[in-house]
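User: I would like to learn how to read cavities, helices and backbone geometry in a model of this kind. Could we take the features in turn, with the general idea before each case?

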2 protein chains.
Amino acid sequence: MSSRDGYSWTQEQGLKAGVPCIGAIQPPTNLNPASPDIFDVIVIGAGYCGLTASRDTSVSGLKVLLLEGRDRIGGRSWSSNIGGYPFEMGGTWVYWGQPNVWREILRYQMQDSIEISYDFSRGINQYLLAGPDGTQRFSHEEEDAIMDSALRKLVNVDGEFGRRVIPFPHSATFTPEALQFDTISVADRLSEIRDSLTPNERVGVEAFVLLCSGGTLETTSFLEFLHWWALSEYSYDGCIKYLVKYKFRDGQSSFAIQFFREALSSGNLTYAFNSPVASVTNTKDAVTVTTRGGQSYRAKKLISAMPLNVLNAVTFDPPLQKGKKAATDIGHVNQCVKVHAEVRDRDLRSYTGISYPHNHLFYGLADGVTPSGNTHIVTFGGTHQHFHPEDSIDKTKQALQGLVPMDIERIVFHNWSRDEFAKGAWFFSSPGLLSNHLSDMRAQQGNIHFASSDWALGWRSFIDGAIEEGTRAAISVRRDLVESPAKPKLA
Amino acid sequence: MSSRDGYSWTQEQGLKAGVPCIGAIQPPTNLNPASPDIFDVIVIGAGYCGLTASRDTSVSGLKVLLLEGRDRIGGRSWSSNIGGYPFEMGGTWVYWGQPNVWREILRYQMQDSIEISYDFSRGINQYLLAGPDGTQRFSHEEEDAIMDSALRKLVNVDGEFGRRVIPFPHSATFTPEALQFDTISVADRLSEIRDSLTPNERVGVEAFVLLCSGGTLETTSFLEFLHWWALSEYSYDGCIKYLVKYKFRDGQSSFAIQFFREALSSGNLTYAFNSPVASVTNTKDAVTVTTRGGQSYRAKKLISAMPLNVLNAVTFDPPLQKGKKAATDIGHVNQCVKVHAEVRDRDLRSYTGISYPHNHLFYGLADGVTPSGNTHIVTFGGTHQHFHPEDSIDKTKQALQGLVPMDIERIVFHNWSRDEFAKGAWFFSSPGLLSNHLSDMRAQQGNIHFASSDWALGWRSFIDGAIEEGTRAAISVRRDLVESPAKPKLA
């Protein structure tokens, strides 16, 4: 099976749109004349959030219609298996300290399907830091020391490296100190500590922050960066473990498909792919969803599992509540550019590097070995020096070579910025968005439950947060529909 | 509501059996003439494992009968609210790095119902180490340094502090190195490193290990201790965070009741408390469960959520499979004695201490402040110097005073060793049990699914592991009963 999404390039085949994906669903719909006139719940979006919501509601006996604009499940997290190797087009890494995703991994007995991305035992075992003053080579221990020192300076606003600002990283409320740090950007914070950073620390910390946010230093909320840091146990070592270390041996789509299969096996799931939604009308007793193709579907409840940046592409009647509309108009800032290179240089297996601020791809690390023995390198750019990889493969190659010289056999990527169903990569907020609008984004409106990793409490922006939110929506809908006062209650 | 379980003592009231508990269920059964002749599934045991299994199956539409010998939910984790303060009779602490329990905390929106046990900002801010050579006083920083150093010596069998032995702490398989360390006890390991430990390190590490295992050093599998260490991120700091830091402001029973209420609201849960099971008969198509009172119930599937140490009290026909029977005959070793003291000494709020090896309670820490302003101190003993607190309150008081002088107003405890439905506290294994029998303990037998925190893969012995196992059993039963080939399948 293949998806329309994604691009691949090789010398022989040139640039091709569309790549293989086991998450592409055939047939694209199971709607039929016997499908319900009115569903219990419609779920819009088949990313992890929508998949979780669809699964939990359908398994609990509700009649569910899942609508998805794409031809595949997974949303911003999906993998393409090319040449027997899974390239992760979006969300990749998971960790057993992430509660929602790890619970699912255990539930599907996939705990032994996890492997470590990097391998510092082979080949060129170096960290290349290409900054304004040329390229320097370091050991990975030196890399860790630079990053650890730089990040500790960045986050140490309270003498406890952020622990007082965010003591409970899954809390629904902000401490007063936390609110204060949502009024400033990482650029603001960096200007406060600029005299304390060495030049290499400065390059390292700026590139790391941009790797997290996909924005610019000016559009990256310092609070949201502190939140990532708190979730990662307030340490650089924790950041590595939680953010870039453990991934599925067979790719994200091998995991996502479990949710879809389980929902389908309930017998309560109707689904339609290639069905982008144009409008949503909410009345007292039902919600009507109309696709761009003109089909209308009705349900008692709606779970919108669309990302923040695309909510404005759907017409809501009545319109989105004021605060929710304001958040949607602001949007999130992440325009990450993630490019995979399959390279013939086996010695690069232990490579990591930064090339910043001049290079279009500023972060790279070796991420695996393909069956043919090539090295897989994953690289990242963003709003800073933003580009569209498919517009010029030569420019893309230059950006890759700007990280480390490599002999490129294949390039694979998904352009999230031009993806109409994402309009960006994972959520990252500019200053003010969270302190002003997190509760707005999370609020129910009439019969519509809004669920997205973009406004999760804990691992917001992550697969974990998507599952957290899909879980929340499903239990809320179930409470609305099933747990009526007529049911038996505890004395 | 009150439970028969637990004891409290005050000068005025003396020793009383039975304490208040919001997890005591009234009415004790909702069985009625309309109850099914045959259920889809019977769940034996209403601890977190059985509650999770009952909830997940009943919410998914299966007709469930939950049988429990006690008058309350929670099994080995329950709280008693006395004087407006929750005393935790068993399992207490949770952490957001524990995936199964934290997923539920988020799901029930209880993420802001968590508080920190200790408070090192008030009163006597000291660590008292009462060893063979008398009592010494240390700061908590010195305490941490002693424990950190001692534990790192204990676990550093691979030059990486256990990371090579257990790289994936939720794995279903053991590395070869891991298997080797299940052949020895912590006593064996301590004899290897005895020359490297200072006397204080020795006292600290022995007491800490016994706090974890509730056995003796000789009966504590070194591998299982390494597993706790790996789960706790291979650090003493991690042990504190995961094991003894964060608890429910309103007690464990305020959490457990959520599971029960949700299951009940499905309309699919029948339950009977005060219904200890005498026998289980498994035939090809059904399971018959007979209580000690002589009532028999039938179901297509059975989920046994009883702990390892009580399986032998139930007659299985056909008998338990050989490996499972062997594990049951071995049992686990944890005979933890947990005693709460409410004391008038406000200055003890920042106390921690060890009194070992001579004292019957060898570990204590201040855990909260009661509404009347008293300090709550929680203390631990075990197989080492084992005693039954209700047999002599004077002896219990002496053991408390042996930790630190205190002015005792109230004593609260649950004697897990004499509890016929637990026969011990949380699971801890002697050498050999896990490497020989973990897969036996986890195995299904006919229509019987065996689920318990005692054989969870990840946070085995913890509330998290109980939920992991209840989840596994529920999905397995559902697959057996619902996901037949007749249901629609993914193309």
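**Backbone, helix and cavity**

Analyst: The place of A:Gln109 is in the loop between H2 and strand S7 (114-116) of chain A. Please keep in mind throughout that this is a predicted model.

User: What is the phi of A:Gln109?

Analyst: Most residues other than glycine have a negative phi, and most peptide bonds are trans. A:Gln109 has a positive phi of about 55° although it is not a glycine, and A:Gln109 is partly exposed, with 39% relative accessible area. In chain B, B:Phe161 also has a positive phi, of about 55°, and is not a glycine; B:Phe161 sits in the loop between helix H3 (140-155) and helix H4 (176-181) of chain B.

User: Which peptide bonds are cis?

Analyst: One is the bond from A:Asp317 to A:Pro318, with omega near -5°, and A:Pro318 belongs to the loop between strand S15 (315-317) and helix H10 (322-330) of chain A. Another is the bond from B:Tyr356 to B:Pro357, with omega near 5°, where B:Pro357 lies in the loop between strand S17 (352-355) and strand S18 (363-369) of chain B.

User: How should I read helix H6 of chain B, and is H6(B) largely enclosed or exposed?

Analyst: The length can be checked first: at 1.5 Å a residue, the 15 residues of helix H6 (residues 199-213) of chain B should span 21 Å, and the end C-alpha atoms are 21 Å apart, which agrees. Since 12 of the 15 residues are buried, H6(B) is largely enclosed by the rest of the structure; among the buried residues are B:Val205, B:Phe208 and B:Val209. H6(B) is followed by B:Gly214, whose phi is positive, near 65°.

User: Which residues have the most contacts inside the largest nonpolar core?

Analyst: They are A:Leu154, A:Phe208, B:Leu154 and B:Phe208, in a core of 224 residues. Leaving aside neighbours within four places in sequence, B:Leu154 is in contact with residues including B:Val205 and B:Val209, both of which are buried in H6(B).

User: What lines the second largest cavity?

Analyst: Rolling a probe the size of a water molecule over the atoms shows where empty space is left. The structure holds 5 cavities of 30 Å³ or more, and about 340 Å³ of space lies in the second largest cavity. Its lining has 24 residues, with A:Asp56, A:Val59, B:Asp56, B:Val59 and B:Arg107 nearest the centre; by class, the lining has 6 nonpolar, 6 polar and 12 charged residues. Helices H1, H2 and H13 of chain A, together with H1, H2 and H13 of chain B, each supply at least two lining residues.

Methods:
Residues numbered from 1 in each chain as written. Chains lettered and ligands numbered in written order. Predicted model: local features only at pLDDT ≥ 70, side-chain atom pairs only at ≥ 80, totals over all residues. Heavy atoms only, no water. 1 Å grid on protein atoms, 1.4 Å probe; cavity = no way out; pocket = protein on both sides within 12 Å on 5 of 7 lines; lining within 4 Å. Points joined across faces, edges and corners; volume = space filled by probe spheres on them. Helix = DSSP H or I, 4+ residues; strand = E, 2+ residues; numbered from the N terminus. Nonpolar A, V, L, I, M, F, W, Y, C, P; charged D, E, K, R; others polar. Expected span 1.5 Å × (residues − 1). Buried < 20%, exposed > 50% of the residue type's maximum accessible area, 1.4 Å probe, protein only. Core = buried A, V, L, I, M, F, W, Y, C linked by side-chain atoms within 4.5 Å. Contact = heavy atoms within 4.5 Å.
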